[in-house]
Amino acid sequence: MFIPVTMQLLSGFAETLKVFCLTLVFSIPLGLVICFGSMSRFTPLRWLTRGFVWIIRGSPLMLQMIIIFYGPGLMFGLPSMPRITATLLAFSINYACYFSEIYRGGIESIPQGQYEAGQVLGMTKGQIFFKVVLLQVIKRITAPMSNEIITLVKDTSLARIIGIYEIIWAGESFIKEGLIWPLFYTGAFYLAFSGLLTLLFGKLERKLSYFRG
Amino acid sequence: MELLRVQNLKKGFGSTDVLKGVCFSLERGQVLAIIGSSGSGKTTLLRCLNFLETADEGEILVNGQVLRTVTEAQIRKNRLHFGLVFQNFNLFPQYTALENVTLAPTMLKRDAPEAIRARGLALLDKVGLSHKVNAYPYQLSGGQQQRVAIARAMALDPEVLCFDEPTSALDPELTGEVLRVIRSLKTGGNTMIVVTHEMEFAKSVADVVIYMSDGVIEEMGTPEEVFDCPRSHKTRAFLRGAQEPF
């Protein structure tokens with residue numbers, strides 16, 4: 001039984017990985033856009049962005065996924081979008097909102113003096129952000145980002161609610177054959193993957209430990 | 001020859017007027033020391049000169065040209081006339097001493113990379129840190145960090161080098177090395193404005209001393225005039241307080 005179970009779980013894990021990776025690809029930059037919106041000096045934009053972040057962070061990801069998948073059809077009679085598209089849309093927006101707050105915390109923790117030092121040296125705003133501030137921000141947000149990203153690994157299992165055949169669904173399908181161990185096996189996949197991510201983030205932290213501040 | 005002229009500079013924050021019409025001028029190669037108690041507007045004056053604050057009224061002229069502050073690009077260009085050394089150094093932590101000095105000239109494409117590097121090394125040598133070029137800020141003492149900051153401020157050859165209480169954040173035993181560097185720059189012919197609480201230093205290095213109080217220049221003159229025979233009773237009271245043993 002081991003081989004067929006493994007094959008089945010691997011196909012579920014491929015789906016899990018797809019949701020995980022693509023969500024990161026979309027949400028990491030989108031988070032920066034939302035972050036700038038929530039820090040904007042243009043008050044209406046700032047409040048609009050903060051209100052949006054409140055709604056997304058304040059309601060369940062599962063609910064958001066269901067609404068994105070069924071909503072357009074039920075409310076406007078639009079054809080339904082592919083399940084994976086709805087999943088990625090919901091996950092990317094949801095995680096981007098969390099990331100945006102982590103970014104904001106990081107950016108606002110950089111002392112004003114760093115900006116001023118760049119300004120008196122005639123640097124542009126862009127140069128100051130990319131050459132002075134960004135790396136310091138990355139160093140400061142590594143730990144909270146790793147937290148959030150490891151949570152994402154496990155949140156991907158929510159996607160089954162709109163029919164994504166992810167790994168827990170794959171493991172659960174063996175219950176009707178009277179097997180419980182595939183579920184533990186599923187857990188091992190999660191542990192191995194989050195272990196790998198922990199190692200990678202540890203490596204990044206060590207790489208950035210050459211400076212302080 | 002007159003290098004800098006400040007005319008009727010005014011700046012307020014909310015309902016508080018911090019600068020209430022400041023006028024002075026400075027010749028090329030002169031050192032101006034600004035003294036005064038905290039809250040007198042010294043730092044705000046320096047920040048206006050470096051365009052970290054925009055003055056509400058008044059003009060700043062360099063070489064007879066009024067510096068305009070309409071566009072972002074104009075402000076950036078204006079800043080290049082001035083260099084600023086901060087009280088808290090504000091070095092960039094992720095860069096070595098040398099990289100801190102060469103970053104801005106590299107960004108502004110001032111010269112070929114090798115020439116910028118050579119100039120950076122020369123500046124660090126000038127402030128006595130040729131053995132620390134590859135050290136990161138956290139590996140340096142406060143005095144060393146401030147000397148790197150001085151080299152960094154000089155890397156763009158500003159016409160007026162400003163110091164905002166450069167030794168206030170330092171342990172007493174580290175102030176000497178920084179003051180010695182500033183003194184050596186005077187010998188090199190640099191025009192400088194130093195906001196300081198170090199009265200002895202102001203007295204011995206400055207060509208002109210300004211005593212600021214409550215947003216105005218209360219007294220201005222040579223060190224002898226201001227320190228030895230101040231005309232204003234406010235200046236006398238301040239100096240008495242500053243020199244008083246406790």
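Predicted model: local features only at pLDDT ≥ 70, side-chain atom pairs only at ≥ 80, totals over all residues.
1. Among the contacts in chain B with a separation of 6 or more, 65% join residues 24 or more positions apart. The chain carries nine helices and 10 strands.

2. Overall dimensions of chain B. The radius of gyration is 18 Å. That agrees with the value near 18 Å for a compact globule, because chain B has 246 residues. Along its principal axes, the C-alpha trace spans about 55 × 45 × 35 Å. Buried residues account for 46% of the 246 residues.

3. The contact between the chains. Chain B contributes 20 residues and chain A contributes 19 residues. On the chain B side, three elements each supply at least two residues: helix H2 (72-79), strand S6 (82-85) and helix H3 (97-107). H3(B) gives the largest share, three residues. By type, the chain B side divides into 13 nonpolar, five polar and two charged residues.

4. A:Val5, setting. This residue sits in helix H1 of chain A, which covers residues 2-38. Is A:Val5 buried, exposed or partly exposed? A:Val5 has 19 other C-beta atoms within 10 Å, so it is partly exposed. The buried class needs 20 or more.

5. A:Val5, partners. Leaving out residues up to four places away in sequence, A:Val5 touches A:Phe174, A:Pro182 and A:Tyr185. A:Ser59 lies elsewhere: 54 residues from A:Val5 in sequence, and 35 Å from A:Val5 in space, C-alpha to C-alpha.

How values were computed
Residues numbered from 1 in each chain as written. Chains lettered and ligands numbered in written order. Helix = DSSP H or I, 4+ residues; strand = E, 2+ residues; numbered from the N terminus. Rg over C-alpha atoms; globule rule 2.2 N^0.38 Å. Buried ≥ 20, exposed ≤ 12 C-beta atoms within 10 Å, placed from the backbone. Contact = placed C-beta atoms within 7 Å. Nonpolar A, V, L, I, M, F, W, Y, C, P; charged D, E, K, R; others polar.
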